[in-house]
Amino acid sequence: MSILMSLFLLPVSAQASTAPLRNEAWLAFQQLSALAGEWQGQNAHGGIVRVSYKLIANGHTLVESWDMGGGRTSMTVYHRNGDALLATHYCPHGNQPRLKLAPAATPGQIAFEFLDATNLGSPSNEHADSLRFDLKAKDRFVRIETYRAGET
């Protein structure tokens, strides 16, 4: 068996830049990446919630892990896809909604809207439908998930 490898080479001065495209998705990812570390807060019912953010894959992917106590955990993974920013939410409901960065509406806010999902069954089943961050404060942030209620 032979393997043919061909390369297209350019002079160093003519090579395309490997710098990331600096657009709205790039800026939003940079802002979210600044959350790297451990956070603690309360949910709407007064329960303690622990959240961690960790950059992986040479800084190209941000992993958000939630511990809501009682063995309830979830994870959301943020990464760029060309000029888009995607969030895949691994939900305790057993589905995996993908959300896409929405156009900026308010300075200091980052919003995602539903794109599609795996293991959802039907679009009418319960799933994360949107996600918003309010990053105006330097020492805290607000994260709001909106769920589509399942039909019964």
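F141 counts as buried in this predicted model, at 18% relative accessibility; buried here means under 20% relative accessible area, exposed means over 50% and partly exposed lies in between, worked out with a 1.4 Å probe on protein chains only. Being a predicted model, it has cut-offs: local features need pLDDT of at least 70, side-chain atom pairs count only at pLDDT 80 or more, and totals for chains, interfaces and linings use all residues. Residues are numbered from 1 along each chain as its sequence is written, and side-chain values use heavy atoms, leaving out hydrogens and water.

Now for the ring partners of F141. The structure holds five aromatic pairs. Rings of Phe, Tyr and Trp (its six-membered ring) pair if their centres lie within 6.5 Å, and the planes are called stacked under 30 degrees apart, edge-to-face over 60 and tilted for the rest. With W39, the ring centres of F141 sit 4.8 Å apart and the planes meet at 85 degrees, so this pair is edge-to-face. W39 lies in strand β1 (residues 37-42) and F141 in the loop between β8 (127-134) and β9 (142-148), so the pair ties together parts 102 residues apart in sequence. Strands (E, at least two residues) and helices (H or I, at least four) are DSSP runs, numbered from the N terminus. W39 itself is partly exposed, at 25% relative accessible area.

Y53 and F141 have ring centres 5.9 Å apart and planes at 70 degrees, so they are also edge-to-face. Y53 belongs to strand β2 (residues 48-56), 88 residues from F141, and is buried at 4% relative accessible area.
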